[in-house]
Amino acid sequence: MSANQPRFGVWALVCGSWAALQHPDDPFDASWARNKAQILEAEDLGYDTTLIAQHTLNPLGDGYDELEAWTAAAALAGLTKRIEIIAAIKPYLFHPVVLAKMALQIEEISGGRFGINLVNAWFKPELEKAGIGFAEHDDRYGYGREWITIVRDLVSGRRVDFQGRHFQIDGYELWPKDRHRERPRIYIGGESDPARALAADKADVWFINGQPLEDVRSLIADVAARPRQGPPVRFGLSAFVIARETDAQAQADLAYAWTLAEQDKPVLASLYGNADHKAVMFQTFAKNPHIGTNGGTAAGLVGSYDTVAARIREFHALGIETFMLQFQPFESEMRRFAHHVIPRVRRLQAAA
Ligand SMILES: Cc1cc2nc3c(=O)[nH]c(=O)nc-3n(C[C@H](O)[C@H](O)[C@H](O)COP(=O)(O)O)c2cc1C
């Protein structure tokens, strides 16, 4: 992973579309068939990576399909040849030794292309209805810290002895070890103070929700300055793209996206009602209304192909290396971005 070139990724459509549910050209579809076709095509188009969000229940509500992240990741690992596959995980759902074993297995299937995205949960019903319970925000991070410490050591091939508040591990070691590199890459998504501290301490890459350039600048400065051992932490940004021939066309399509999004208000009200209100991510979202999830259009990747390429270069100059993207309709816009924006970014980069 070279810091000199931006890397582009797509969110897999495991929850269905990442924007309006009523888009006439993008009906809700979270099927395996769609996800398989989407990621195989993304790989062909030159995308570097894909992020598979993890939810057992679709946060949109009862009746909405949701593709299971880890089984999908394993299958995609077997079908693809080059693209990185990142699967998110909420620590409360799997014991760390089981998750470490699964991660090493997918790393093996993929030939060294697997990443774990640790996410510390915000959607309460998923854990509450299962009887697992939904711990308080900072307690979840305390649990997540012990959990990722164990996972990281196990996937690094170490023998683990761990006596913590939540886990007691007695001489655990996994075989086979990673045959391709030291271990799968570790990403962390989450904006709160404990999330940032954990990312600085344990992650290779910190994922930032889409937001304005100046906010991203200060977030990067904050995390980069925190205590850490080993190579510097790297940064990824989530964003929803609307790229068109002209700025005016892109702004018109953004306005259209807002009219479509208006129809989803009742569904989103239920989603927000089921969210942990201490999750800092939602405070950021409230400040920056956007299309898409995880900050979406708030990152400002809306405009002509040249405008979007220039904005990507600005983020890259701040330190964003991986751009994890959403579109709608997803597949046709993913193609458009690959054909029109990625080459412009590469040309600007070469000229610089
Ligand atoms: C790029 C990115 C991907 C995320 N993916 C997921 C996910 O798959 N599942 C999930 O429940 N939360 C996901 N999250 C949410 C966060 O992990 C975290 O739960 C949320 O930000 C609340 O924590 P905070 O208070 O630290 O912000 C993601 C966040 C980011 C930035």
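Helix H2 (residues 69–79) packs against helix H3 (residues 96–110) at an angle of about 20°. Their axes lie 8 Å apart. Angles under 35 degrees count as roughly parallel, so H2 is roughly parallel to H3. The crossing of these two helices is left-handed. The model is predicted.

On the H2 side, the contact with H3 is made by Trp70, Ala73, Ala74, Ala77 and Gly78. H3 brings Leu99, Met102, Ala103, Ile106, Ile109 and Ser110. By class, nine residues of this contact are nonpolar, two are polar and none is charged.

H2 also packs with helix H1 (residues 32–45). The H1 and H2 axes come within 11 Å and cross at roughly 40°. H1 and H2 are therefore oblique to each other. Their crossing is right-handed.

In H1, the residues that meet H2 are Trp32, Asn35, Lys36, Ile39 and Leu40. Their partners in H2 are Ala72, Ala75, Leu76 and Leu79. This contact holds seven nonpolar residues, one polar residue and one charged residue.

The two pairs can be set out together.

| Helix pair | Angle | Axis distance | Handedness |
|---|---|---|---|
| H1 and H2 | roughly 40° | within 11 Å | right-handed |
| H2 and H3 | about 20° | 8 Å | left-handed |

Ala72, Ala75, Leu76 and Leu79 meet H1, while Trp70, Ala73, Ala74, Ala77 and Gly78 meet H3.

Key: Residues numbered from 1 in each chain as written. Predicted model: local features only at pLDDT ≥ 70, side-chain atom pairs only at ≥ 80, totals over all residues. Heavy atoms only, no water. Axes fitted to C-alpha atoms, helices over the stretch in contact; angles between N-to-C directions. Helix = DSSP H or I, 4+ residues; strand = E, 2+ residues; numbered from the N terminus. Parallel < 35°, antiparallel > 145°, perpendicular 65-115°, else oblique. Left-handed = near helix turned anticlockwise from the far one by under 90°. Contact = heavy atoms within 4.5 Å. Nonpolar A, V, L, I, M, F, W, Y, C, P; charged D, E, K, R; others polar.
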